[in-house]
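Thank you all for making the time this morning. Before I say anything, please take a moment with the sequence and the model on the screen.

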Amino acid sequence: MIRPATLLASLVGTPSVSGCEQAIADQLSGLLAAEGIPAQRHGRNVFFELGQAGPRILLVSHLDTVPPCEGWSADPFQPWWTGDRLFGLGANDAKGCVAALTLAALALRDKAASLGARAVFAFTVGEEVGGQGIQELLPVLGRLDAAVVGEPTGLTVCTAQRGMLLLHCVAKGTSAHVAHAHLGENAIHKAARDIARVDALRFEPHLLLGEARAQVTQVAGGRAKNQVPDQCEFTVDVRSTPNLDHGEVTAASPRSWRAR
(Lines give C-alpha, C1' and ligand atoms only; values in the text may rest on other atoms or scores of the structure.)
Protein backbone atom coordinates (compact mmCIF):
# COMPACT_ATOMS: atom_id res chain seq x y z
CA MET A 1 0.00 0.00 0.00
CA ILE A 2 1.28 3.44 -0.93
CA ARG A 3 1.36 5.82 2.02
CA PRO A 4 0.13 9.32 1.11
CA ALA A 5 2.98 11.06 2.94
CA THR A 6 5.59 8.89 1.22
CA LEU A 7 4.05 9.51 -2.19
CA LEU A 8 3.95 13.27 -1.73
CA ALA A 9 7.53 13.43 -0.45
CA SER A 10 8.68 11.36 -3.41
CA LEU A 11 6.97 13.66 -5.91
CA VAL A 12 8.30 16.82 -4.26
CA GLY A 13 11.78 15.33 -4.18
CA THR A 14 11.73 14.94 -7.98
CA PRO A 15 12.54 18.32 -9.62
CA SER A 16 10.03 19.21 -12.33
CA VAL A 17 10.45 22.87 -13.25
CA SER A 18 8.39 23.69 -16.34
CA GLY A 19 10.04 22.17 -19.40
CA CYS A 20 11.92 19.57 -17.32
CA GLU A 21 9.11 17.21 -16.32
CA GLN A 22 10.49 14.03 -17.91
CA ALA A 23 11.78 12.53 -14.65
CA ILE A 24 8.55 13.00 -12.71
CA ALA A 25 6.47 11.74 -15.66
CA ASP A 26 8.64 8.60 -15.75
CA GLN A 27 8.33 8.26 -11.98
CA LEU A 28 4.55 8.54 -11.99
CA SER A 29 4.12 6.24 -15.00
CA GLY A 30 6.29 3.60 -13.33
CA LEU A 31 4.40 3.86 -10.04
CA LEU A 32 1.04 3.47 -11.78
CA ALA A 33 2.26 0.53 -13.86
CA ALA A 34 3.48 -1.21 -10.71
CA GLU A 35 -0.01 -0.79 -9.27
CA GLY A 36 -1.67 -2.29 -12.33
CA ILE A 37 -2.69 0.94 -14.07
CA PRO A 38 -1.14 1.13 -17.57
CA ALA A 39 -0.85 4.88 -17.98
CA GLN A 40 -0.27 6.35 -21.41
CA ARG A 41 2.06 9.14 -22.43
CA HIS A 42 1.64 12.05 -24.78
CA GLY A 43 4.96 13.80 -24.71
CA ARG A 44 5.61 14.35 -21.00
CA ASN A 45 1.88 14.25 -20.14
CA VAL A 46 0.62 11.16 -18.29
CA PHE A 47 -2.98 9.99 -18.64
CA PHE A 48 -5.25 6.97 -18.28
CA GLU A 49 -8.95 6.11 -18.03
CA LEU A 50 -10.89 4.02 -15.54
CA GLY A 51 -14.43 2.80 -16.19
CA GLN A 52 -16.18 1.41 -19.23
CA ALA A 53 -19.40 3.37 -19.73
CA GLY A 54 -21.16 6.57 -18.85
CA PRO A 55 -20.11 10.22 -18.90
CA ARG A 56 -16.40 10.96 -19.11
CA ILE A 57 -15.12 13.08 -16.22
CA LEU A 58 -11.64 14.55 -16.42
CA LEU A 59 -9.62 14.73 -13.20
CA VAL A 60 -6.52 16.77 -13.94
CA SER A 61 -3.61 18.46 -12.23
CA HIS A 62 -0.11 19.48 -13.29
CA LEU A 63 3.35 18.06 -12.73
CA ASP A 64 5.45 21.18 -13.27
CA THR A 65 6.53 23.86 -10.84
CA VAL A 66 7.92 27.36 -11.11
CA PRO A 67 11.70 27.69 -10.62
CA PRO A 68 12.82 28.09 -7.00
CA CYS A 69 13.07 31.71 -5.92
CA GLU A 70 15.39 33.37 -3.43
CA GLY A 71 14.63 33.03 0.25
CA TRP A 72 14.43 29.27 0.71
CA SER A 73 15.84 28.28 4.11
CA ALA A 74 16.68 24.78 2.84
CA ASP A 75 17.06 22.89 -0.43
CA PRO A 76 13.63 23.21 -2.11
CA PHE A 77 14.16 19.83 -3.82
CA GLN A 78 14.82 18.02 -0.53
CA PRO A 79 11.39 17.88 1.15
CA TRP A 80 11.21 18.11 4.92
CA TRP A 81 8.48 17.77 7.50
CA THR A 82 7.58 20.30 10.17
CA GLY A 83 4.90 18.70 12.25
CA ASP A 84 2.27 17.40 9.82
CA ARG A 85 3.29 19.78 7.02
CA LEU A 86 5.62 18.89 4.17
CA PHE A 87 7.79 21.68 2.79
CA GLY A 88 9.42 21.70 -0.64
CA LEU A 89 9.01 23.18 -4.09
CA GLY A 90 5.62 22.19 -5.49
CA ALA A 91 4.31 20.57 -2.30
CA ASN A 92 1.31 22.88 -2.45
CA ASP A 93 1.07 23.72 -6.15
CA ALA A 94 0.31 21.17 -7.27
CA LYS A 95 2.04 17.95 -6.23
CA GLY A 96 -0.33 17.60 -3.30
CA CYS A 97 -3.13 17.47 -5.87
CA VAL A 98 -1.19 15.00 -8.04
CA ALA A 99 -0.72 12.75 -5.01
CA ALA A 100 -4.41 13.01 -4.08
CA LEU A 101 -5.57 12.17 -7.62
CA THR A 102 -3.12 9.27 -7.83
CA LEU A 103 -4.45 7.82 -4.58
CA ALA A 104 -8.03 8.34 -5.80
CA ALA A 105 -7.21 6.41 -8.96
CA LEU A 106 -5.76 3.54 -6.92
CA ALA A 107 -8.90 3.50 -4.77
CA LEU A 108 -11.07 3.27 -7.91
CA ARG A 109 -8.86 0.80 -9.72
CA ASP A 110 -10.72 -2.33 -8.66
CA LYS A 111 -14.16 -0.71 -8.93
CA ALA A 112 -13.79 0.57 -12.48
CA ALA A 113 -16.40 -1.79 -13.93
CA SER A 114 -19.10 -0.55 -11.56
CA LEU A 115 -18.36 3.18 -11.58
CA GLY A 116 -21.24 4.19 -13.84
CA ALA A 117 -18.91 6.77 -15.37
CA ARG A 118 -15.48 6.95 -16.92
CA ALA A 119 -12.82 8.74 -14.89
CA VAL A 120 -10.13 10.23 -17.12
CA PHE A 121 -7.00 11.08 -15.15
CA ALA A 122 -4.45 13.49 -16.64
CA PHE A 123 -1.20 14.82 -15.18
CA THR A 124 -0.03 17.58 -17.46
CA VAL A 125 3.10 19.65 -18.03
CA GLY A 126 3.80 23.29 -18.73
CA GLU A 127 0.87 24.61 -16.69
CA GLU A 128 2.98 27.31 -15.08
CA VAL A 129 4.11 28.68 -18.45
CA GLY A 130 0.89 28.81 -20.43
CA GLY A 131 -0.72 25.39 -20.15
CA GLN A 132 0.58 23.89 -23.36
CA GLY A 133 0.46 20.39 -21.87
CA ILE A 134 -3.31 20.28 -21.47
CA GLN A 135 -3.78 22.06 -24.79
CA GLU A 136 -1.81 19.33 -26.55
CA LEU A 137 -3.51 16.56 -24.63
CA LEU A 138 -7.18 17.56 -24.99
CA PRO A 139 -7.50 16.42 -28.64
CA VAL A 140 -6.01 13.07 -27.61
CA LEU A 141 -8.43 12.63 -24.72
CA GLY A 142 -11.50 13.13 -26.87
CA ARG A 143 -14.92 14.31 -25.73
CA LEU A 144 -15.28 15.09 -22.03
CA ASP A 145 -18.48 15.78 -20.13
CA ALA A 146 -17.06 17.52 -17.07
CA ALA A 147 -13.75 18.27 -15.40
CA VAL A 148 -12.33 18.65 -11.92
CA VAL A 149 -9.04 20.56 -11.79
CA GLY A 150 -6.69 19.89 -8.89
CA GLU A 151 -5.32 23.17 -7.54
CA PRO A 152 -4.53 24.26 -3.96
CA THR A 153 -7.76 25.97 -2.90
CA GLY A 154 -7.98 24.80 0.71
CA LEU A 155 -10.73 22.38 -0.37
CA THR A 156 -12.93 25.28 -1.39
CA VAL A 157 -14.66 24.50 -4.67
CA CYS A 158 -13.83 27.19 -7.22
CA THR A 159 -16.20 27.67 -10.14
CA ALA A 160 -14.34 30.43 -11.99
CA GLN A 161 -10.86 30.61 -13.46
CA ARG A 162 -8.45 33.40 -14.25
CA GLY A 163 -6.97 33.64 -17.69
CA MET A 164 -3.49 34.81 -18.61
CA LEU A 165 -2.56 37.69 -20.89
CA LEU A 166 1.14 38.26 -21.57
CA LEU A 167 2.23 41.44 -23.32
CA HIS A 168 5.76 41.89 -24.61
CA CYS A 169 6.37 45.63 -24.76
CA VAL A 170 9.26 47.50 -26.39
CA ALA A 171 10.12 51.14 -25.76
CA LYS A 172 12.23 52.70 -28.52
CA GLY A 173 14.67 55.56 -28.02
CA THR A 174 17.75 57.12 -29.61
CA SER A 175 21.25 56.21 -28.52
CA ALA A 176 23.85 58.80 -27.51
CA HIS A 177 26.83 59.10 -25.19
CA VAL A 178 25.72 60.04 -21.69
CA ALA A 179 27.96 63.11 -21.90
CA HIS A 180 25.64 64.33 -24.67
CA ALA A 181 22.43 62.85 -23.34
CA HIS A 182 20.39 65.71 -24.79
CA LEU A 183 21.10 64.29 -28.25
CA GLY A 184 19.45 60.98 -27.41
CA GLU A 185 16.16 59.67 -26.08
CA ASN A 186 16.38 57.28 -23.15
CA ALA A 187 14.30 54.19 -23.83
CA ILE A 188 14.50 53.03 -20.22
CA HIS A 189 13.04 56.33 -19.05
CA LYS A 190 10.22 55.95 -21.57
CA ALA A 191 9.59 52.39 -20.40
CA ALA A 192 9.58 53.54 -16.79
CA ARG A 193 6.81 56.02 -17.51
CA ASP A 194 4.78 53.31 -19.22
CA ILE A 195 5.47 50.90 -16.37
CA ALA A 196 4.09 53.50 -13.95
CA ARG A 197 0.93 53.63 -16.08
CA VAL A 198 0.66 49.85 -15.93
CA ASP A 199 0.97 49.98 -12.15
CA ALA A 200 -1.89 52.51 -12.00
CA LEU A 201 -4.27 50.42 -14.13
CA ARG A 202 -7.44 49.28 -12.40
CA PHE A 203 -9.99 46.88 -13.81
CA GLU A 204 -13.55 46.18 -12.78
CA PRO A 205 -13.54 43.39 -10.18
CA HIS A 206 -15.10 40.02 -10.91
CA LEU A 207 -17.83 38.78 -8.57
CA LEU A 208 -16.01 35.55 -7.70
CA LEU A 209 -12.37 36.24 -8.48
CA GLY A 210 -11.97 39.83 -7.38
CA GLU A 211 -9.69 42.33 -9.10
CA ALA A 212 -7.11 41.67 -11.79
CA ARG A 213 -3.87 43.63 -11.60
CA ALA A 214 -1.43 44.11 -14.46
CA GLN A 215 2.09 43.32 -13.29
CA VAL A 216 5.40 44.08 -14.98
CA THR A 217 7.44 40.95 -14.36
CA GLN A 218 10.59 41.41 -16.48
CA VAL A 219 12.56 44.44 -17.65
CA ALA A 220 15.67 44.51 -19.86
CA GLY A 221 17.46 47.42 -21.51
CA GLY A 222 20.75 49.17 -22.05
CA ARG A 223 23.95 48.12 -23.80
CA ALA A 224 26.64 49.98 -21.84
CA LYS A 225 26.95 52.05 -18.68
CA ASN A 226 27.96 55.17 -20.61
CA GLN A 227 25.39 54.98 -23.39
CA VAL A 228 21.85 56.36 -23.53
CA PRO A 229 19.79 53.19 -24.19
CA ASP A 230 17.88 53.06 -27.46
CA GLN A 231 15.64 50.14 -26.47
CA CYS A 232 13.99 48.74 -23.35
CA GLU A 233 11.80 45.65 -23.24
CA PHE A 234 9.37 44.68 -20.51
CA THR A 235 6.75 42.00 -19.97
CA VAL A 236 3.28 42.65 -18.60
CA ASP A 237 1.42 39.73 -17.04
CA VAL A 238 -2.32 40.08 -16.48
CA ARG A 239 -4.11 37.19 -14.77
CA SER A 240 -7.41 38.22 -16.25
CA THR A 241 -10.93 37.60 -15.02
CA PRO A 242 -13.86 36.50 -17.23
CA ASN A 243 -15.22 40.06 -17.41
CA LEU A 244 -11.96 41.41 -18.84
CA ASP A 245 -11.69 41.25 -22.63
CA HIS A 246 -8.14 40.57 -23.82
CA GLY A 247 -8.77 42.32 -27.10
CA GLU A 248 -9.76 45.55 -25.37
CA VAL A 249 -6.61 45.46 -23.26
CA THR A 250 -4.24 44.76 -26.13
CA ALA A 251 -5.90 47.10 -28.64
CA ALA A 252 -4.11 50.14 -27.19
CA SER A 253 -0.43 50.74 -26.50
CA PRO A 254 0.75 51.36 -22.92
CA ARG A 255 1.16 55.04 -23.75
CA SER A 256 -2.59 55.38 -24.38
CA TRP A 257 -3.75 53.26 -21.43
CA ARG A 258 -5.64 55.19 -18.80
CA ALA A 259 -5.67 54.49 -15.09
CA ARG A 260 -9.12 53.98 -13.58
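Predicted model: local features only at pLDDT ≥ 70, side-chain atom pairs only at ≥ 80, totals over all residues.

Residues are numbered from 1 along each chain as its sequence is written, and side-chain values use heavy atoms, with hydrogens and water left out.

Let me begin with strand β3, residues 56-62, where strands (E, at least two residues) and helices (H or I, at least four) are DSSP runs numbered from the N terminus. Of the 7 residues in β3, 6 are buried, and by buried I mean under 20% relative accessible area, with exposed being over 50% and partly exposed in between, for a 1.4 Å probe and protein chains only. Two strands pair if DSSP finds at least two bridges between them, and β3 pairs in the parallel sense with β6, residues 118-124, over 7 bridges, and also in the parallel sense with β7, residues 146-149, over 4 bridges.

Turning to the cysteines, how many disulfides does the structure hold? Taking a disulfide as a pair of cysteine sulfur atoms within 2.5 Å, the structure holds 0. For C97, the closest cysteine sulfur is that of C158, and at 11 Å the two are too far apart for a bond; C97 itself is buried, at 14% relative accessible area.

Finally, the salt bridges, each being a side-chain nitrogen of Lys or Arg within 4 Å of a carboxyl oxygen of Asp or Glu, come to 13 by this rule. One of them joins R44 and E21, whose closest N and O atoms are 2.6 Å apart. Because R44 lies in the loop between β1 (40-42) and β2 (45-50), and E21 in the loop between α1 (4-12) and α2 (22-34), this pair ties together parts that are 23 residues apart in sequence. R44 is partly exposed at 27% relative accessibility, whereas E21 is buried at 0%. Another salt bridge links R202 with E211 at 4.0 Å, N to O, and there R202 is partly exposed, at 28%, as is E211, at 30%.
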